[in-house]
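Subject: A structure to look at, with notes

Hello,

Please find the structure below, followed by some notes on what was found in it. Could you read them with the 3D view open beside you?

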Amino acid sequence: MQSLFMKARTSLENNGAFSHGAIPETIADSWHRCLQNGLDPQGEPVDAALSYQDFRAVKEANERLIAIVRPELELTCPPSVPRS
């Protein structure tokens with residue numbers, strides 16, 4: 001017997017829709033955002049590996065944003081690795 005969650009997931013994959021009350025609201029909201037952004041529930045994950053040079057370029061392009069959000073992030077999850 002499938003759980004309500006698995007029934008909702010199966011419905012999402014087969015129909016692109018699901019019973020909203022069958023899963024927690026945060027998950028339902030995430031699934032809706034994924035659908036709105038064109039993600040295929042049955043699609044393969046995209047390889048998001050970056051070369052070191054590409055990573056540095058993205059990091060440098062976002063340094064201001066990182067500086068703004070870092071203090072808030074550190075309040076919720078202290079860093080586990082040294083900063084560069």
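**What was found**

Tyr 52 counts as exposed because its relative accessibility is 58%, where buried means under 20% relative accessible area, exposed means over 50%, and partly exposed lies in between (1.4 Å probe, protein chains only). This is a predicted model, in which local features need pLDDT of at least 70 and side-chain atom pairs count only at pLDDT 80 or more, while totals for chains, interfaces and linings use all residues. Residues are numbered from 1 along each chain as its sequence is written, and side-chain values use heavy atoms, with hydrogens and water left out.

Tyr 52 sits in helix H3 (residues 52–61); helices here are DSSP runs of H or I with at least four residues, numbered from the N terminus. Together with Leu 50, Phe 55 and Val 58, Tyr 52 makes a nonpolar surface patch of about 430 Å². Such patches are made of residues with over 30% relative accessible area and no salt bridge, with like charges joined within 9 Å and nonpolar side chains (Val, Leu, Ile, Met, Phe, Trp, Tyr) within 5 Å, and the areas come from the Shrake-Rupley method with a 1.4 Å probe, only the protein chains shown counting as cover for residues.

The structure also holds three salt bridges, each a side-chain nitrogen of Lys or Arg within 4 Å of a carboxyl oxygen of Asp or Glu. In one of them, Glu 13 pairs with Arg 9, and their closest N and O atoms are 2.9 Å apart; because these two residues are four apart in helix H1, about one helical turn separates Glu 13 from Arg 9. Glu 60 forms a salt bridge with Arg 56, with 3.9 Å between the closest N and O atoms, and Glu 74 meets Arg 70 at 3.8 Å, N to O. Arg 70 is partly exposed, at 33% relative accessibility, and Glu 74 is partly exposed too, at 27%.

Arg 70 is also where H4 has a kink of about 40 degrees, shortly before the proline Pro 71, the bend at a residue being the angle between axes fitted to the seven residues ending there and the seven starting there.

Finally, where are Phe 18 and Trp 31, buried or exposed? Phe 18 is buried, and Trp 31 is buried as well.

Best wishes
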